[in-house]
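Here is a briefing on one protein chain. Please look over the sequence and the structure before reading on.

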Amino acid sequence: MKFRRCQMLFIQPQERAEFSFENLLEGGGGLQFEQEITALAAHLDAPCRIDAGDARLLLDCSAQIWQDLPEDPSLRERVLRLIDCGLMMGDDDNQAGYVAADNVMRTSNWWPLGAIFHRHSRWSGIDSVSEMERHQLVTAQDLVRQLGAPPDEVLPRRDNAVALPRLGRTNLDEMLSRRTTCRNFDVSRPLPLPLLAGMLEHVLLAKSHVEPEPGVRFLKKNVPSAGGLHPMEAYVLVQAVEGLEAGLYHYHPVAHELGLVSNQPESTSDFSQRLLSGQHWFADAHVLVILVCRFERNFWKYRQHAKAYRAVTLDAGHISQAIYTAATEQGLGAFVTAAINESEAEHVLGLEPLKEGPLAVCGFGWRSSQMQTAELDPAGCVWKAEA
């Protein structure tokens, strides 16, 4: 067997604090720190615990040149252990899965730190609400008790600042004052299909389609995109829309149509709950929009670019805010969240995480007339009738 190191690797030294009664008796603070080293690779879903000898070997090993296994038994054992966990690549059939995943990274145009960040910031099976409740970090009072007071909400005023005139209130101001995140949806009232169609048309439909060079096509939408590439795909989870079967669809921004994806979740409500990591106040929205980035389109132009990942997260942000505005104009409630279990969408949609990845989930629907879950509405524009 021959071996080489994986292509994208980050080695992180850490110190883990543990209570030590012996340290306390010796006059210390009662804490001792254990050093550990973690390796994160862009083709692996989980970090690997390694020791200093492993780290030295990984750093000394080429990621490009295949070499024979060392003859020294202890060193050979170390290499084989690193091959088994996927940090080293072996050229035999048993390691084909790791080698294939590593080859995806070798042929991609990811900036290495961006790839590692994206891979290891994805969630799987997380219930964020239960975590908040377990750590008592739900209310503002909880946060202050556990974390102390936050930094000031604004910076201090400057000396000799220029006072600016205030404009009179406009229709736009009236609409924006009603633009708040919705956590209470009226599940008894389905959304009309034309209203869903209008939302998608306002935000995601391509208004023009140009081809300046053969095979090089660009879209013009109502939202900006880095390089005009629009790499974001919208997968629409329909839960309560008149005349439309509940299920997971792909929205085509040129044809303006919804196509059922081949692999459907058994239950849209269960899938929504898992996808949104337990955020039940969002899970029953009439429509969820999963924003999935096709990284390969973005990286066609921004190859191994340190700003490329920031750019696609901005793209997702532009879409989410356009959904908020369009929903508010139509009298609907909306939300956006990045606290999602990406693995749920990846599994159903058959995505390779470093080729196509969910970045956020947006949703919209009729707002309930009753506030069952607290919402942040400082101006009192949405819930003033119930006050």
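The notes below go from the whole chain to single elements and residues.

This is a predicted model. The chain has 387 residues, and 42% of them count as buried. It holds 14 helices and 14 strands. A network of salt bridges links D45, R119, R122, E346 and E352.

**Overall build**

- The C-alpha atoms fill a box of roughly 75 × 70 × 55 Å along the principal axes.
- The accessible surface comes to about 21800 Å². Carbon and sulfur atoms account for 52% of that surface.
- Contacts between residues at least 6 apart in sequence were examined, and 71% of them join residues at least 24 apart.
- The count of salt bridges comes to 20.

**Salt bridges around R122**

- R122 pairs with D45 in a salt bridge, at 3.0 Å from N to O. R122 is in the loop between α5 and α6, and D45 is in the loop between β3 and β4, so the bridge ties together parts that are 77 residues apart in sequence.
- R122 also forms a salt bridge with E346, where the closest N and O atoms are 2.8 Å apart. This pair links distant parts of the chain: E346 belongs to helix α14 (residues 342-349), 224 residues from R122.
- R122 has a relative accessible area of 15%, so it counts as buried, the cut-off being under 20%.
- E346 is buried too, at 7% relative accessibility.

**Helix α4**

- Helix α4 covers residues 96-107. Its 12 residues should span 16 Å at 1.5 Å a residue, and the end C-alpha atoms are 16 Å apart, so the two values agree.
- The buried residues here are V99, D102, V104, M105 and R106. They pack against β1 (2-5), β6 (88-90) and α5 (112-120).
- D102 and R106 form a salt bridge, with the closest N and O atoms 2.6 Å apart.
- Both partners sit in α4, four residues apart, which is about one turn of the helix. An α-helix has 3.6 residues a turn, so residues three or four places apart point the same way.
- D102 has a relative accessible area of 1%, and is therefore buried.

**Helix α2**

- Helix α2 runs over residues 52-60, and its buried residues are G53, D54, A55, L57 and L58.
- The cover over these buried residues includes β1, β2, β3, β4 (48-50), α3 (73-84) and β6.
- D51 caps the N-terminal end of α2. One of its side-chain oxygens lies 3.1 Å from the backbone nitrogen of G53.

**E233 and its contacts**

- E233 lies in strand β9, which spans residues 232-238. Its relative accessibility is 13%, so E233 counts as buried.
- The side chain of E233 makes a polar contact of 2.7 Å with the side chain of H250.
- A polar contact of 3.0 Å joins the side chain of E233 to that of R294.
- Beyond neighbours within four places in sequence, E233 touches H250, Y251, I290, L291, V292 and R294.

- Q136 has a phi near 55°, a positive value in a residue other than glycine. The residue is in the loop between α6 (128-134) and α7 (140-147). Q136 is partly exposed, at 43% relative accessibility.
- H230 has a phi near 45°, again positive in a residue other than glycine. Its place is the loop between β8 (216-220) and β9. H230 is buried, with a relative accessible area of 10%.

**Nonpolar surface patch**

- F19, F21, L24, L25, L31 and F33 make up a nonpolar patch on the surface. Together they have about 670 Å² of accessible area.
- Helix α1 (21-25) and strand β3 (31-41) each supply at least two residues of the patch. The largest share, three residues, comes from α1.
- F19 is placed in strand β2, residues 9-19. Its relative accessibility is 58%, so F19 counts as exposed, the cut-off being over 50%.

Notes
Residues numbered from 1 in each chain as written. Predicted model: local features only at pLDDT ≥ 70, side-chain atom pairs only at ≥ 80, totals over all residues. Heavy atoms only, no water. Patch = residues over 30% accessible without salt bridge, like charges linked within 9 Å, V, L, I, M, F, W, Y side chains within 5 Å. Areas by Shrake-Rupley, 256 points an atom, 1.4 Å probe, with all protein chains shown as cover. Salt bridge = Lys/Arg side-chain N within 4 Å of Asp/Glu carboxyl O. Buried < 20%, exposed > 50% of the residue type's maximum accessible area, 1.4 Å probe, protein only. Expected span 1.5 Å × (residues − 1). Contact = heavy atoms within 4.5 Å. Polar contact = N/O pair within 3.5 Å; in protein donor to acceptor, adjacent residues only side chain to side chain.
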